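Here is a short report to read alongside the model. Let's start with how two of its elements sit against each other.

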Amino acid sequence: MRVPGPCAECGTGGAARYRWESQELRDLLLNPHLRQLLLTLDQAQDKSSLLRKLMQEPLFVEFADCCLGIVEPPEKENVLPE
């Protein structure tokens, strides 16, 4: 299965440009269980309630953490300003 690249709507700046460069995210998206969870969430009537339940699922939490790390990379600890 092919994972699509960035779309024209996303533009070329910001995190959208880098999300497909994350091998960790690409590997997670190949997981059939995660794909089913995402499909179920997408089709759910009560997304917020289901999202609360999914945040108890370790695989979904790993996916969410990976996405957040791409959007807002963690700051380096113990780095002195220049």
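## How helix 3 and helix 4 pack

In this predicted model, helix 3 spans residues 32-43 and helix 4 spans residues 47-54. Angles over 145 degrees count as roughly antiparallel, so that is the label for helix 3 and helix 4. As for handedness, the crossing of helix 3 and helix 4 is right-handed.

## Who meets whom

Which residues bring helix 3 and helix 4 together? On the helix 3 side you will find Leu-37, Thr-40, Leu-41, Asp-42 and Gln-43. Facing them from helix 4 are Lys-47, Leu-50, Leu-51 and Leu-54. Sorted by class, this contact of helix 3 with helix 4 has 5 nonpolar residues, along with 2 polar and 2 charged ones.

## The chain as a whole

Zooming out, the chain holds 5 helices and 0 strands. Read from the N terminus, the order of its elements is α-α-α-α-α.

How much of the chain is buried? Of its 82 residues, 23% fall in that class. The chain has an accessible surface of about 6,700 Å², and carbon and sulfur atoms account for 55% of that surface.

Contacts across the sequence complete the picture. Taking the chain's contacts between residues at least 6 apart in sequence, 46% link residues at least 24 apart.

Key. Residues are numbered from 1 along each chain as its sequence is written. This is a predicted model: local features need pLDDT of at least 70, side-chain atom pairs count only at pLDDT 80 or more; totals for chains, interfaces and linings use all residues. Side-chain values use heavy atoms; hydrogens and water are left out. Axes are lines fitted to C-alpha atoms, for helices over the stretch in contact, and angles run from 0 to 180 degrees between N-to-C directions. Helices (H or I, at least four residues) and strands (E, at least two) are DSSP runs, numbered from the N terminus. Angles under 35 degrees count as roughly parallel, over 145 as roughly antiparallel, 65 to 115 as roughly perpendicular and the rest as oblique. A crossing is left-handed if the near helix is turned anticlockwise from the far one by less than a right angle, and right-handed if clockwise. Contact means heavy atoms within 4.5 Å. Ala, Val, Leu, Ile, Met, Phe, Trp, Tyr, Cys and Pro count as nonpolar, Asp, Glu, Lys and Arg as charged, and the others, Gly among them, as polar. Buried means under 20% relative accessible area, exposed over 50%, partly exposed in between (1.4 Å probe, protein chains only). Accessible areas come from the Shrake-Rupley method with a 1.4 Å probe; for residues, only the protein chains shown count as cover.
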